[in-house]
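Student: I have a model open and would like to go through its architecture with you. Could we take it step by step?

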Amino acid sequence: MTDGTAAGPFLHPALFYAGEREYLAGTVPFVREGLAAGEPVAVAVPGANLRRIQEALGADADAVTCLDMERAGRNPGRIIPGVLRAFADAQPAGRVRIIGEPIWAGRTALEYPACVQHEALINAAFRGRPVTILCPYDARALDEHVLADAYATHPTVIDAAGESDSAEYAPERIVARYNEPLPPAPGAASFAFKATTLPDARYFATGRAAGLGLAGARLDDLALVTAELTTNSVLHGGGTGVLRVWREGGQVVCEVRDTGRLRDPLAGRRPRAPDRRGGRGLLMVHLIADLVRVHAGGRGTTIRCYMGC
Amino acid sequence: MDAAAPPTGTPAARAGAGLTVRPLDGRAGVRVAGEIGLATRAAWESLLERVLHEGEDVYCLELSEVAFADVAGATALAVAAQRLDARRRIVLHRPPAALRRTLEAFWPGLRAIEVTT
């Protein structure tokens, strides 16, 4: 592998594959080249694909950090801090290689905007770092618009014809385009909070969520999510906000709306050094929710967290 | 908390407005009651400063009457614990679920904090 200086130290190619043979041809040599060069390698892809890669690698798989992306990256907002940087930051100096497959055919329309924003934000999160993240896309199973977006979120693309620069590369445009308004859910229970009612807001959320079927540790997680979002509104989002809780399919949704402006698209996606204070509230939300959707508007911010029952 | 979490306006909810701290009998430490959040952040951080200056090898924070701790509260505790010298540690007795969750997420295996139930 080159040191990547021509293209910048961070390399982020998309791999368009059609079928298992192309998948393995695009991923397994990438892993082996990394291992041969002494580079730390991680593979974070959906479970079925992970097993294919592990089988093809044979004994070499033992030298690779393997993660099931359907679990570790269920919430796309968790992937940068909880998967990619968690691995890359733990390695000694030198290039790190990761296969990250955050978008698969089973991703829902609700998840997709968060998925594609995540892919776009990887570029800002790793700018200047000696890291290669290869992102496989199932060209047979994914929609045309998903594949078109991958040209905007990746500076280079690899397909059966080889590797080429993407003329469509424009990650900021993707972050903006999928910053979709989140209209209030009809019939959701709501609670207007301020600094002195933060505990009440939390009890409101857990009480409602328990009535909607959330239980046990997930209810504790919802308490934490609610506390962090409402406290952020009080401290950074204009001092007040509105909390809403409802059920959508098999999930309880907790939404906090305030009049603050969220200007940093990487907020909540940067790991913090253990001895540093602050900056972990939204990060914790991303780590524990099953899905986080954000609308950062000119007049306010809405953050919606989905918790599986 | 579990499904029995009290609804808005119950005494347990209102207890969140404050944090009470009482000394433990017969050992170095305090019993804390209430909740650790924005309203009590200053009180919690000043308690942790006192713990740092106590000089005891083992200091117990009895937290069974703490209903909740937010991420900033857990952070203050973890950052304080990292300032303890190697022979010292803080024992958390029955911390709220949120505190355990945050410590596990960001400071797994922090030597200076021990959790007991």
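Tutor: Gladly! One definition before we start: two residues are in contact if their C-beta atoms, placed from the backbone, lie within 7 Å. Keep in mind that this is a predicted model.

Student: Which strands are the edge strands of the open sheet in chain A?

Tutor: The open sheet has five strands with antiparallel pairing, in the order 8-9-10-12-11 (chain A). An edge strand pairs on one side only.

Student: At what angle does helix 9 of chain A run to strand 10 of chain A?

Tutor: Helix 9 (residues 216-236) of chain A lies across strand 8, strand 9, strand 10 and strand 12 (301-308) of chain A. Its direction relative to strand 10 of chain A is given by an angle of about 10°.

Student: Which element gives the most to the side of chain A that touches chain B?

Tutor: The contact takes 28 residues from chain A and 26 residues from chain B. On the side of chain A, helix 8, helix 9 and helix 10 (281-288) of chain A each give two or more residues. With 10 residues, the element that gives the most is helix 9 of chain A.

Conventions. Residues are numbered from 1 along each chain as its sequence is written. Chains are lettered from A and ligands numbered from 1 in the order in which they are written. This is a predicted model: local features need pLDDT of at least 70, side-chain atom pairs count only at pLDDT 80 or more; totals for chains, interfaces and linings use all residues. Two strands pair if DSSP finds at least two bridges between them. Helices (H or I, at least four residues) and strands (E, at least two) are DSSP runs, numbered from the N terminus. Axes are lines fitted to C-alpha atoms, for helices over the stretch in contact, and angles run from 0 to 180 degrees between N-to-C directions.
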